[in-house]
Amino acid sequence: VQLQASGGGLVLAGGSLRLSCAASGSIGGVNVMGWYRRAPGKQRELVATITSGGSTNYADSVKGRFTISRANARNAVHLQMNSLKPEDTAVYYCAASLWTRARGTNDYWGQGTLVTVSS
């Protein structure tokens, strides 16, 4: 199983970026998908998650600015980030709790994509 993230980059404060992540491999089912981030000198923190049924959860710091969505048929999750702030600068990681016949249910992580917001 692999999670491939894309969409990071450099943007001015107030701008927007869209992150995407797709899970591939012998996947039997995907439960929760989400995005986490690690800012320089800080611990990794949750950004947003979404269940297979579409229920979402957001960190307070991104509510109203970020929107998480998923395409179940493609085992993909997206993060639309608007009104970006310099404090959103971080490496963003996608994650998924998914089931495979070989290993059952486990958590998987993507490689991370860097988002830099300049003021």
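Strands here are DSSP runs of E with at least two residues, numbered from the N terminus, and Thr67 is found in one of them, strand S7. The model is a predicted one, in which local features need pLDDT of at least 70 and side-chain atom pairs count only at pLDDT 80 or more, whereas totals for chains, interfaces and linings use all residues. Residues are numbered from 1 along each chain as its sequence is written, and side-chain values use heavy atoms, with hydrogens and water left out.

**The open sheet**

- An open sheet is formed by 4 strands in the order S1-S3-S8-S7, with antiparallel pairing; two strands count as paired if DSSP finds at least two bridges between them.
- Strand S1 (2-6) and strand S7 (66-71) stand at the edges of this sheet with a single partner strand each, so one side of each is left without a neighbour in the sheet.
- Neighbouring strands of this sheet are turned by 15° against each other on average, direction ignored; the axes behind this value are lines fitted to C-alpha atoms, and angles run from 0 to 180 degrees between N-to-C directions.
- S7 pairs with strand S8 (residues 76-81) in the antiparallel sense over 6 bridges, and Met81 in S8 is the bridge partner of Phe66.
- In a regular strand the side chains alternate between the two faces of the sheet.

**Pairing around S4 and S9**

- S4 pairs in the antiparallel sense with strand S9 (residues 90-100) over 8 bridges, and with strand S5 (residues 45-50), again in the antiparallel sense, over 5 bridges.
- Trp35 has a bridge partner in each of these strands, namely Cys94 in S9 and Ala48 in S5.
- S4 and S5 form a hairpin with 6 residues between them, and Gly41 in the turn has a positive phi of about 75°.
- S9 also pairs with strand S10 (residues 104-109) in the antiparallel sense over 6 bridges, where Trp109 in S10 is the bridge partner of Ala95.
- The hairpin that joins S9 to S10 runs through 3 residues.

**The disulfide**

- A search of the whole structure finds 1 disulfide, the term being used for a pair of cysteine sulfur atoms within 2.5 Å.
- This disulfide joins Cys21 to Cys94, with an S to S distance of 2.0 Å.
- Cys21 lies in strand S3 (residues 17-24) and Cys94 in strand S9, so the pair ties together parts that are 73 residues apart in sequence.
- The disulfide is right-handed because the torsion about the S-S bond of Cys21 and Cys94 is about 45°.
- Cys21 is buried at 2% relative accessibility, and Cys94 is buried at 0%; buried means under 20% relative accessible area, exposed over 50%, and partly exposed in between, with a 1.4 Å probe and protein chains only.

**The nonpolar core**

- In the largest nonpolar core, which has 31 residues, Trp35, Leu79, Met81 and Tyr92 touch the most other members; such a core is a set of buried Ala, Val, Leu, Ile, Met, Phe, Trp, Tyr and Cys residues joined through side-chain atoms within 4.5 Å.
- At least two residues of this core come from each of S1, S3, S4, S5, S7, S8, S9 and strand S11 (113-118), and S9 gives the most, with 5 residues.
- Leaving aside neighbours within four places in sequence, Leu79 is in contact with residues including Leu17, Leu19, Trp35, Val47, Phe66, Ile68 and Tyr92, where contact means heavy atoms within 4.5 Å.

**Arg37**

- Arg37 is placed in strand S4 (residues 29-38), and this arginine counts as buried because its relative accessible area is 5%.
- The side chain of Arg37 makes a polar contact of 2.7 Å with that of Glu45 and one of 3.0 Å with that of Asp88; a polar contact is a pair of N or O atoms within 3.5 Å, and within protein one must be able to donate a hydrogen and the other to accept it, while residues adjacent in sequence count only if both atoms are side-chain atoms.
- Beyond its neighbours within four places in sequence, Arg37 is in contact with a set of residues that includes Gln43, Val47, Ser61, Phe66, Ala90 and Tyr92.

**Thr67**

- Thr67 counts as partly exposed because its relative accessibility is 43%.
- Not counting residues up to four places away in sequence, Thr67 touches Tyr58, His78, Leu79 and Gln80.
- The C-alpha atoms of Thr67 and Thr49 are separated by 9.8 Å, and the two residues are 18 residues apart along the chain.
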